[in-house]
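Subject: Structure handover

Hello,

Here is the structure we spoke about, for your files. My notes on it follow below.

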Amino acid sequence: MRMMDFLRDKGLLLLLHLVCMCVTMGFLSMTGYTKANIILILIFWIMILFIWLLATYLQRRKYFREMEQILEKVDQRYLLGELLPDSFRLEDRLYREMIRKSNKSVIERIRQIEDEQRDYREYIESWVHEIKAPITSISLLCENRRHSLSAEDSKGIMEDFYTITLENQKIENYVDMALYYARSENVYKDYLIQDTSLDEVVCEVLNRNRLLLIQNHVSADVDCEDKVYIDRKWIAFILNQMIQNSVKYQREIPLIHIYTRKETNGVILVFEDNGTGIPAEELSRIFEKGFTGSNGRNHERSTGIGLYLCRKLCDKLGIGIGAESEYGKGTRMLLEFPISNYITREEVD
């Protein structure tokens, strides 16, 4: 709080004092007081007023500084009403009580919204688990029927089964996105850190998408010898989204190269393809929610959720994620898995 702001706020009070001084001077002059006595009275009046203003200013500045310090230290600032310093002023106590009532209303509303979000998230998770059962059944039926077809059966029927299986995998992928999106705010509730072989996870994800890769004639080269401490399921989902994007924006003779690179404080997983690439002006925005870019508009329909969800999950899991690309030549996605000094010492011992 600045002194000029304080004096401006006390403008009416100072004007009242000025009027009272003029009236007093006139009254004393008419009652026979000498000019020297009148001036002496005014000097004492001004000194007392000045001391009172200075003391009030210092006291109010200290009070508001305490409030600012409380705000800086508290994460949940809506609790300010409960933490305000005590004051002898009636207006401070009234303001404090009104802030408390307002904050109480805000907290109740926040709890209501959190309950609604939790109920909705639980419903989505339940729905996803329910819908996965028929998706799995369709996949098994197509696989069994395809293997049971004889040589006399039409080749077109085989192709139909391939198409149904691929479309079923797309449905499963979108269902997984809904599930992981619903769980992304509470990763810690479904998170198991373990020594994970990146080679096994990558091969598992590639095998899951084998029909998609075969249909699009995509070759994959894997060289991931390193292990990291991470949740296997969550990193598999992130890699799956990268494969889906890579296949979606492919060129002729598509190739995916997945390899790891050992660094001083961690392991970097590199997911590289020779697809269409990303324009330089769009590269910094690919992790934004809903951003599709020119590639998303030129190819099949894109939601702009996949990479946004990958970034969100990586932030929750403590994994670094980035992208490098040259338009027309390909894209390189980087996942950085940090390794703590404690784990490094254990491996050395």
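Which backbone nitrogen does the side chain of D273 reach? The model is predicted, and in it the side chain of D273 comes to 3.1 Å from the backbone nitrogen of G275.

D273 belongs to strand 5 (residues 266-273). Its relative accessible area is 14%, and D273 is therefore buried, the cut-off being under 20%. Apart from neighbours within four places in sequence, D273 is in contact with S246, L255, I256, K329, G330 and T331.

Two or more lining residues come from each of helix 9 (232-248) and strand 4 (255-263). Sorted by class, the lining has five nonpolar residues, four polar and one charged. The space in this largest cavity is about 40 Å³. Searching the whole structure for cavities of 30 Å³ or more gives one.

The other residue I looked at is S87, in the loop between helix 4 (80-83) and helix 5 (90-148). S87 has 17% relative accessibility and so counts as buried. With neighbours within four places in sequence left aside, S87 is in contact with R60, Y63, D92 and R93. For Y63, which lies 24 residues from S87 along the chain, the C-alpha separation from S87 is 8.2 Å.

Regards

Key. Residues numbered from 1 in each chain as written. Predicted model: local features only at pLDDT ≥ 70, side-chain atom pairs only at ≥ 80, totals over all residues. Heavy atoms only, no water. 1 Å grid on protein atoms, 1.4 Å probe; cavity = no way out; pocket = protein on both sides within 12 Å on 5 of 7 lines; lining within 4 Å. Points joined across faces, edges and corners; volume = space filled by probe spheres on them. Helix = DSSP H or I, 4+ residues; strand = E, 2+ residues; numbered from the N terminus. Nonpolar A, V, L, I, M, F, W, Y, C, P; charged D, E, K, R; others polar. Buried < 20%, exposed > 50% of the residue type's maximum accessible area, 1.4 Å probe, protein only. Contact = heavy atoms within 4.5 Å. Polar contact = N/O pair within 3.5 Å; in protein donor to acceptor, adjacent residues only side chain to side chain.
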